[in-house]
Amino acid sequence: MSISVLVTDDSRVMRQIVIRTLRQAGYDWDVREASDGAEALAAVQSDEPDVVLSDWNMPNMTGIELLRGLRAAGYETPFGFVTSEGSPEMRATAEAAGALFLIAKPFTPEAFREVIEPVLA
């Protein structure tokens with residue numbers, strides 16, 4: 001079964017790093033990309049992926065706004081943040097909004113496996 005993931009980040013380089021790290025972690029997923037939350041929201045609405053990985057700070061619509069927008073629209077899509085900072089406040093906010101995990105940079109394939117395995121189980 002092929003799993004589809006939507007990688008959302010306003011930095012193309014960071015999207016590539018996330019995708020490469022997923023591959024290194026052994027996830028040969030069908031990857032789609034979005035450059036901000038608004039684009040990601042539209043992508044989920046047109047073809048819901050199995051997992052959304054999103055940056056927090058982006059123009060147009062932030063990651064947390066994206067997550068809240070998805071949940072408000074009734075989407076239960078598994079959602080995780082991959083972001084440059086993982087303060088306890090951010091983690092609490094993410095969890096309260098329905099995120100399953102928050103991976104802070106610099107991240108490793110092991111860190112991805114650790115949080116993604118329970119999501120796939």
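Buried denotes a relative accessible area under 20%, exposed over 50%, and partly exposed in between (1.4 Å probe, protein chains only). The model is predicted, so local features need pLDDT of at least 70 and side-chain atom pairs count only at pLDDT 80 or more, while totals for chains, interfaces and linings use all residues. Residues are numbered from 1 along each chain as its sequence is written, and side-chain values use heavy atoms, with hydrogens and water left out.

Select residues 109–120 to display helix α5; helices (H or I, at least four residues) and strands (E, at least two) are DSSP runs numbered from the N terminus. Within α5, highlight P109, F112 and I116, which are buried. They share one side of α5, because the arc they cover around the axis, taken from the directions from the helix axis to the C-beta atoms, is only 55°. Next, show E114 and P118, exposed on the other side of α5.

Turn now to the salt bridges (a side-chain nitrogen of Lys or Arg within 4 Å of a carboxyl oxygen of Asp or Glu), of which the whole structure contains three. Select R15 and E33, whose closest N and O atoms are 2.7 Å apart. This pair links distant parts of the chain, with R15 in helix α1 and E33 in strand β2 (residues 30–34), 18 residues apart. R15 counts as buried at 10% relative accessibility, whereas E33 is partly exposed at 36%.

Proceed to D28 and R23, joined by a salt bridge of 3.5 Å, N to O. Finally, return to α5 for R113 and E110, three residues apart, about one turn of the helix; their closest N and O atoms are 3.5 Å apart.

Definitions and conventions
The expected span of a helix is 1.5 Å times one less than its number of residues.
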